[in-house]
Amino acid sequence: MSAQCIGGSARKLVDERFVRLLDGDERGHLEAHLVACAACSERYRRLQLAERVAAVGPERAVDEPGSFEIERIAGDLGLLESPRRLRIEWLPIGGLFLAAATAALAFLLLPVVASQDEGELLPRGAPVADTTFAVYVVSAAGEVRAHRAEEPVRAGEHLKLRVSRAATEGTWPQLSAIVAGTEPRVLRLESPRSADPSASVPGAIAAGALPRGRAALYLIAAPELPEDARLIDAVEGEPAAELVAKKLEARVQRVELVVE
Amino acid sequence: MILLERRELLDGFRRGDRTALLEVYRYFVRDVARFLTAGFSFDSGGQRCTFRGFRGGYEIEAALQEIFRRAFEERARLSYNGIDPYKPYLLRIARNTVINDLKSRHPILFRFRSGGAVILEPCRETDPDVVVSRECSPEEVHEAREVAALVEAFLSALEPRMRALFELRFQEGLAAEETGKRLGWTRAQVRTREARLRASFLEHMQAAGYLTRAGRAASIALTGAVLALLAGGGS
């Protein structure tokens, strides 16, 4: 269980999924987290079961989705109206915030309202710019296992990545891995050449290239990646993936590693 | 049978009209969900195999989304002949999507399942038309009933109009507008109160300890997922 799970942003996203329609970015983050986190996956299962029991009763809940679940998936597919994002920004007027001595308003609020585009039918992992990674550990003997945060990566092993994107995208984004820590490193990755929406990232990351002990590995996908210095700067302090994503305007997944 | 009975819906479906797609999705989604949960048998690499169905949780939602996404792609829409029933056509898409993902060395749908790569077990059935039904385990039945008791406790504490909202939206699946008409609320009021209701429901399940206690669910998921890799698979 990562720090994101303990009352953190990831768990909040799990819960939010059952309260409102998430937008594409949020779904991408949620999906990426659920791949790696058994605790949040279990929480998701229980919430879904509770919702189903409430909707269709205990006898039918195992194999029948409730109305909210059906609506949720319709939203994932882009069949519903996109959730509108209301952004309210505080703007200075002529460099000053207007203040009223006696009025209820202490400043003037100018709402900036933005709505998401109603896109085409959205593939899983939407929006179109969405990219997700799956991480595998390959032993010296060639055995492959899915990476799990609590299982160490040993000397002689290496990490293989598989990347998935929206099927409607024509080209792969640029990819990079950043090893955070006291000596951060940027590993520029080659984009796949396959036309399939899911493909292996060429090359591998050797355990020897990773610092011993605990490390955070950030997997980045963006139409164009900035220079190394900016990438390293973005992961200083090992922030949550969402913060790095915002700084870099990229798709970011954080992977917890233990390297022996 | 709706696509056979309603020409304008079929035309809209073929054009990719969102309204038509949504109606078709809503009509068939439960059938596809049951199919995916029940599992099915198929031939692979000269062996008869059984896929025992998706478990609950995100994986079933991701699978439903992926299957309908593929079914609603232009090529798939236009390949449907509009003469034969749509349900078998749709279930074939579902079946092929699952089989391809099962055989993939790096599955997409099944990566949400803990315990590593999804694998299959040899089929003990000899009849190729037999679909193995997924029977609920005693623990699953017990858990569902336990949850039902928690749900009833939540409902019994609601004031009448909120309980009515819950029943109309959660259970009957009425649209927000229709719900509003019955309760004398605007659509926006329904949405706002519904969001509060959902959040309260979540808090109730959290406070009851159901969401955070250690339980059998994780072990069932792992046990069910660990079976043998088929030879000849992979993509």
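**Two chains, one interface: a quick tour**

Okay, let's start with one residue, B:Phe68. Leaving aside residues up to four places away in sequence, B:Phe68 touches A:Leu77, plus B:Tyr25, B:Phe28, B:Val29, B:Val32 and B:Leu90. Keep in mind that this is a predicted model.

Now zoom out. B:Phe68 sits in the largest nonpolar core, which has 47 residues. Along with B:Tyr25, B:Leu36, B:Phe72 and B:Tyr86, B:Phe68 touches the most other members of that core. Who supplies the residues? On chain A, helix H4 (67-76) gives at least two, and on chain B several elements do, including helix H3 (18-38), helix H4 (58-71) and helix H6 (86-103). H3(B) gives the most, with 11 residues. There's also a second, separate core of 45 residues, and among its members are A:Ala55, B:Phe112, B:Leu150 and B:Leu202.

How much area do chain A and chain B bury between them? About 5,500 Å², with 60% of it on carbon and sulfur atoms. Chain A puts 60 residues into the contact and chain B puts in 62.

What about charges and polar groups? The rule finds 7 salt bridges across the interface of chain A and chain B. Take B:Glu61, which forms a salt bridge with A:Arg72; their closest N and O atoms are 2.8 Å apart.

Last stop: the side of chain A that touches chain B. H3(A) brings the largest share, 15 residues. By type, that side divides into 29 nonpolar, 10 polar and 21 charged residues.

Terms used. Residues are numbered from 1 along each chain as its sequence is written. Chains are lettered from A and ligands numbered from 1 in the order in which they are written. This is a predicted model: local features need pLDDT of at least 70, side-chain atom pairs count only at pLDDT 80 or more; totals for chains, interfaces and linings use all residues. Side-chain values use heavy atoms; hydrogens and water are left out. A nonpolar core is a set of buried Ala, Val, Leu, Ile, Met, Phe, Trp, Tyr and Cys residues joined through side-chain atoms within 4.5 Å. Buried means under 20% relative accessible area, exposed over 50%, partly exposed in between (1.4 Å probe, protein chains only). Helices (H or I, at least four residues) and strands (E, at least two) are DSSP runs, numbered from the N terminus. Contact means heavy atoms within 4.5 Å. Buried area is the accessible area (1.4 Å probe) that two parts lose on being put together, summed over both. A salt bridge is a side-chain nitrogen of Lys or Arg within 4 Å of a carboxyl oxygen of Asp or Glu. Ala, Val, Leu, Ile, Met, Phe, Trp, Tyr, Cys and Pro count as nonpolar, Asp, Glu, Lys and Arg as charged, and the others, Gly among them, as polar.
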